[in-house]
Amino acid sequence: MADTPAASRVTGAPAARPSRKRGAGRPARVNLFYVPAVVLLGLFTAYPLVRGILLSFQNWDGYSPDMTFVGLANYARLFTDQVFRTSLLNTFVYGFGSTLVQQVLGLALAVALDRALRGRNVVRAIIYLPVLVSPVIMGTMYYLLFQYNSGTINDIVIAFGGHRHAWLSDSATSVALIVLVNSLQFVGISMIIYLAGLQSIPAELQEAAMLDGAGGWKRFWGVTLPLLQPAFATSIVLNLIGGLKLFDVIQVLTGGGPGYSTNSVSTFIGKAYFDNQSAGYASAMGVALFVLIIVFTLVLNLFLNRRRLEM
Amino acid sequence: MKSKTARVGALILTAATAAALLTGCSSGAGGSSGGTIQVETGFASGSDLLATFTKVTNAYEKSHPGVKFNLIPSSTNYEQDLKVKLASHDVPDMWWTHGWSRDRYSKFLEPLQDQSWNKDVNPQLDAAMRTSSGAIYALPLDTDVAGILYNKSVLTKAGVDPESLTSWSAFDAAAAKIKATGVTPIEVSGKANGPAGNLIDWIAPGKYTDAQLASLKAGTFAGSVYKPIVDQVESWRAAGYINPDYSSATQQDMSKALGAGQAAFIFQQNSVAADALTTSPDAQLGFLPVPSDTGKPYLIGGEMNAFGISKTSSHLTELKAFLKYLAQPANDSALAKAAGSAAGLTTSTSDLGALQTSYDQFVVKDKTRLVPYFDRVYLPNGMWNTLVTTTDSVITGQAQPAEAVNQVGTDFKSLYGQNK
């Protein structure tokens with residue numbers, strides 16, 4: 001019998017101190033199984049990241065053999081570039097806006113579909129289906145809906161006696177539309193996370209609250225919501241990262257236009273790298289976005305975990 | 001036994017990963033795979049140009065049994081794909097230079113001025129394709145000659161004589177008449193990455209004097225000279241001359257509208273006319289020179305369909321022989337016809353189809369001056385996107401001309417410094 005702590009307690013022998021070294025005692029051959037994952041991660045994540053950081057200190061057009069070291073000049077340009085400022089602001093709108101819409105809708109759908117309704121599995125599947133569709137396809141579908149001449153939305157407006165409207169010509173409308181499309185596509189993820197959270201809440205707690213005379217709303221605010229805290233943390237962090245990185249939908253729906261007004265930092269990076277041939281500057285923006293996402297995720301995680309501990 | 005199985009399993013996994021990675025990565029030497037010569041044609045699948053180019057290439061392969069080409073059609077991101085290949089040293093043997101053989105790709109291309117066809121290159125291409133020392137880096141299959149494309153039937157119905165449009169005031173008066181007939185005077189696509197920038201490329205040469213152009217080329221951007229160009233676009237927007245579906249209109253929508261008589265003018269290359277005739281075979285189309293405030297009307301032109309050879313290709317001799325074959329009058333004429341443009345060599349003939357009448361009048365008879373694309377010659381590499389985006393913001397009313405000019409000035413300064 002192995003000399004485990006439990007075994008020691010039974011025999012009265014002193015407990016063996018668990019090793020602090022990670023993986024100690026694990027057969028060395030097991031480590032071989034890590035190799036493919038480590039190689040892939042190194043090649044497709046770590047190497048591009050390091051190369052991107054190094055590029056951000058260079059002046060390079062993105063294709064020619066010549067590049068020159070410019071120190072922090074590309075980073076300094078971030079503070080004076082009006083287009084970068086607009087893109088950064090939009091990135092926050094896409095990140096926080098989509099997160100907000102997805103949490104509200106996702107939670108509402110989860111609560112509604114947690115009940116014993118007929119056909120609820122079909123409805124859940126329908127709501128989740130867009131997650132499986134490429135954002136490019138989603139963007140194209142909405143582009144077709146909001147087209148000026150043959151778009152369905154304008155057809156509906158005309159049917160009700162209105163006039164055609166150029167929905168994609170206005171920056172505020174376009175930004176709101178992008179938030180909406182992204183939120184509707186990924187609301188299924190939030191719904192599934194909240195459904196899992198709801199199903200892990202013990203029924204006795206709800207029953208106890210009912211016996212204490214708590215109504216539906218009171219139970220929701222007093223029992224359900226606090227116990228969904230772990231689900232909130234997961235859903236919010238996932239949605240926020242997705243929103244801050246948003247690229248495909250913008251590219252297909254508006255191409256960053258009108259003008260530069262709907263660019264996110266991600267789409268502006270693509271334009272700066274390939275169209276403006278400022279690969280060094282684009283890399284500096286990429287590094288800035290990377291740091292930004294890390295900071296927001298860490299802060300949010302800390303905040304949500306602290307709240308969970310407090311409760 | 002168990003440990004042996006685990007070790008073998010791990011080794012197989014590692015080997016599979018390595019094999020997958022090695023298969024995915026290119027050799028890094030670029031270009032040819034074995035004996036096949038890689039050609040990035042830049043021509044869309046199903047286009048007349050790709051069909052003609054394939055036919056000509058097949059005939060060459062037949063008469064040269066040891067030579068085999070892989071003609072790669074264009075994706076929708078040709079420029080980006082090519083830049084990635086160049087950056088990763090996966091350089092094709094030969095590629096379509098789309099107007100940039102000298103100013104963007106010359107570092108990668110073999111100089112070709114010692115080729116026999118060099119003396120036959122249309123001299124109108126010199127400003128865009130040759131260096132000051134006379135070097136040339138691509139064989140031009142055609143000479144891009146473009147003006148303002150128009151639908152004759154629309155102009156006739158509005159009582160506008162296209163030959164009278166020799167000034168911008170006459171053009172604006174015509175646009176007002178056309179609008180009164182219920183037709184969109186100027187059709188532009190905001191969905192495609194180009195047509196908005198073309199407005200600037202078309203108008204700018206007529207707003208700058210030669211001295212101002214020289215100063216611009218030397219790195220001085222004067223917002224006061226550039227602003228009237230944007231003001232003109234803004235005045236068209238304010239007057240409602242630009243199509244209301246601008247933001248969602250695609251390139252195909254533009255050609256369709258021109259062919260169907262739903263639009264009068266388009267500031268685009270002649271290939272749009274060919275597309276318009278595909279959907280409206282009976283459309284009466286023509287092009288007219290662009291009015292100028294600083295001189296006589298002009299046509300825009302230069303390099304469009306041209307091919308250069310990678311200086312690192314292991315098939316230099318075969319490719320030079322292939323270019324010589326493409327330069328033969330019968331082949332060059334056929335390719336230029338498929339492009340809907342004038343021939344690239346003086347030894348070839350030009351057949352512009354529906355636009356031949358305009359070509360004969362303005363190019364052959366009137367010898368209208370041909371000016372190069374404004375952004376390619378006078379602005380630093382990488383400015384095209386800025387032209388497109390800033391003009392887009394003016395057309396959609398999201399920015400005032402002054403804001404657009406400021407942005408152009410900022411990017412000019414930044415990119416000029418970068419390209420130095």
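**Exercise 1.** Among contacts in chain B between residues at least 6 apart in sequence, what percentage join residues at least 24 apart?

*Solution.* The structure is a predicted model, in which local features need pLDDT of at least 70, side-chain atom pairs count only at pLDDT 80 or more, and totals for chains, interfaces and linings use all residues. Residues are numbered from 1 along each chain as its sequence is written, and chains are lettered from A and ligands numbered from 1 in the order in which they are written. Take two residues as in contact if their C-beta atoms, placed from the backbone, lie within 7 Å. For chain B, 74% of the contacts between residues at least 6 apart join residues at least 24 apart.

**Exercise 2.** Describe how chain B meets chain A.

*Solution.* Start with the count: 35 residues of chain B contact 33 residues of chain A. Next, find the contributing helices (DSSP runs of H or I, at least four residues, numbered from the N terminus). On chain B, α1 (2-24), α3 (78-87), α16 (384-395) and α17 (401-419) each supply at least two residues. The largest share, eight residues, comes from α1(B). Finally, sort the chain B side by class: eleven nonpolar, 18 polar and six charged residues. Here Ala, Val, Leu, Ile, Met, Phe, Trp, Tyr, Cys and Pro count as nonpolar, Asp, Glu, Lys and Arg as charged, and the others, Gly among them, as polar.

**Exercise 3.** State what fraction of chain B is buried and what its C-alpha trace spans.

*Solution.* A residue is buried if 20 or more other C-beta atoms, placed from the backbone, lie within 10 Å of its own. Buried residues are 51% of the 420 in chain B. Along its principal axes, the C-alpha trace of chain B spans about 90 × 50 × 45 Å.

Conventions:
Buried ≥ 20, exposed ≤ 12 C-beta atoms within 10 Å, placed from the backbone.
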